[in-house]
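Reader: I would like to learn how to read the charges and the overall build of a model such as this one. Could we take the features in turn, with the general idea before the particular case?

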Amino acid sequence: MPVAPAVNETRQWTRLMAMAEIGGFTDAAGHKGVNRPCLSAEDRRARRLLISWASELGLSVSVDPLANLFLRLEGTDPSAAPVLTGSHMDTQPNGGRFDGIWGVIAGLEAVQAILESGERPKRPIEVVAWTNEEGGRFAPGCMGSMAWSGFKPADTWDAVTDKDGITWADALREHLSAEADLPRRPLGGKPFAYLEAHIEQGPRLEAEGKDIGIVTGIQGSRWFTVEVSGRTDHAGTTPLSLRKDAVQDALRAISALNTLMHDPTDVLRFTVGSIKVWPDTSNSVAERVRFTIDFRHPDNAVLQARGDAIPGVIQAALTACTASVTERFHALPSEFDPMVPAVVEHWASALGLRAMRMPSGAFHDAQFVVPVCPTGMLFVPCRAGVSHHPSEYAEPAALAAGARVLAEALADLANR
Ligand code: HGY
Ligand code: MN
Ligand code: MN
């Protein structure tokens, strides 16, 4: 039985907009954004809403030690390895209504369409909401999927703190106790395949008039935190020649990094997204600066070579201060097993949708599932490619088309 016709555009959109109210805000330009940090009260409210929808469908719910949340539709062979889909529910602080959450809602919509079509696939299908994909509250991102896949030990980030000084371990403990009523499951798993639906977060699908992105892989990402340490002094009395000005040396370091990261082909991505200054007053010389580095490239040789050069380039640029450089995140470029992209391509074509193969510039939890099982992603276009901003937008019809491809692909994989 075809399942795509059972996908309900209005139901999916209504659920997305209900989710957008949880942590929702309106920015100065009138755009509706979402600020839903991982392991926050807003995150728990959103998860409870999702669980209420899943329970109405008879899906079983479980949570693992990293608070990854799983919604399971049993198959005719409960012992078969499940097909896994999903994404993340946490957002950037100044985030949009679609990044991450659509992949979770689309997974639920796809499962509901499969149920309503009368189809009972052989394999169980599980929808996962990964914990902390964004890394906005606790850096780095993808903690839930990194721990689930064994890429990093589960206690790797226990001492990481958010801006209020709350540790990851304490926030996770508080969260799990708030969800103590939910069944537990061990960390890890061996799905038959994983397929994640996500908005593109880039302009290509819209520019090329395509409905579906058949994602072939994800570029590599490396995150660093740099602490420049100097000495605070009076701004009016201290000669420049005697200063250990952390702001001036941080600027020298960032300028030197811009030279290291110069790429005339504009493939390389280098971002200093956060700079904090202490004591942060206009008439005191800065004693400390902390800035972040987000460096990405599809070619692992470039990712390793230029990433490994970062500490040395920073040290060489300093004139009076010292600096510590800590790597927080290191995700290798990943190529998806051809099987899942081929399934996405088949169903996009069968549904008469315009599709193109493309890599992902954004990182995703799928990157860490690649070593565990055949993995893939499908993209739908978002307006002007904007994401990580309240003006992020995707059309209801485009999201429904993506959910139709997802539903057919999951049913197909679940019968293999
Ligand atoms: O930063 C990223 O690539 C993802 O959107 N969190
Ligand atoms: Mn995302
Ligand atoms: Mn994101």
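Reader: How many positive and negative side chains does the protein chain have, and how far apart do the centres of the two sets lie?

Author: One counts the two kinds of charge and then compares the centres of the two sets. In this predicted model, the protein chain carries 39 positive and 50 negative side chains, and the centres of these two sets lie 1 Å apart.

Reader: Which residues are linked in a network of salt bridges, and how many salt bridges does the structure hold?

Author: For a salt bridge one looks for a side-chain nitrogen of Lys or Arg within 4 Å of a carboxyl oxygen of Asp or Glu. The structure holds 23 salt bridges, and a network of them links Arg11, Arg15, Glu109 and Glu116.

Reader: With which residue does glutamate 126 form a salt bridge, and what parts does the pair tie together?

Author: Here one reads the distance together with the places of both partners in the sequence. Glutamate 126 forms a salt bridge with arginine 72, in which the closest N and O atoms are 2.8 Å apart. Because glutamate 126 lies in strand 6 (residues 125-130) and arginine 72 in strand 4 (residues 69-73), the pair ties together parts that are 54 residues apart in sequence. Glutamate 126 also meets arginine 185 in a salt bridge, at 3.4 Å from N to O; this second pair links distant parts of the chain, since arginine 185 sits in the loop between helix 5 (168-178) and strand 7 (193-199), 59 residues apart from glutamate 126.

Reader: Is glutamate 126 buried or exposed?

Author: The cut-off for buried is a relative accessible area under 20%. Glutamate 126 has a relative accessible area of 4%, and is therefore buried, and arginine 72 is buried as well. The salt bridge between aspartate 412 and arginine 416, at 2.8 Å from N to O, joins a buried aspartate 412, with a relative accessible area of 17%, to a partly exposed arginine 416, with 40%.

Conventions:
Residues numbered from 1 in each chain as written. Chains lettered and ligands numbered in written order. Predicted model: local features only at pLDDT ≥ 70, side-chain atom pairs only at ≥ 80, totals over all residues. Heavy atoms only, no water. Helix = DSSP H or I, 4+ residues; strand = E, 2+ residues; numbered from the N terminus. Buried < 20%, exposed > 50% of the residue type's maximum accessible area, 1.4 Å probe, protein only. Lys, Arg positive; Asp, Glu negative; His and termini not counted. Charge placed at Lys NZ, Arg CZ, Asp CG, Glu CD.
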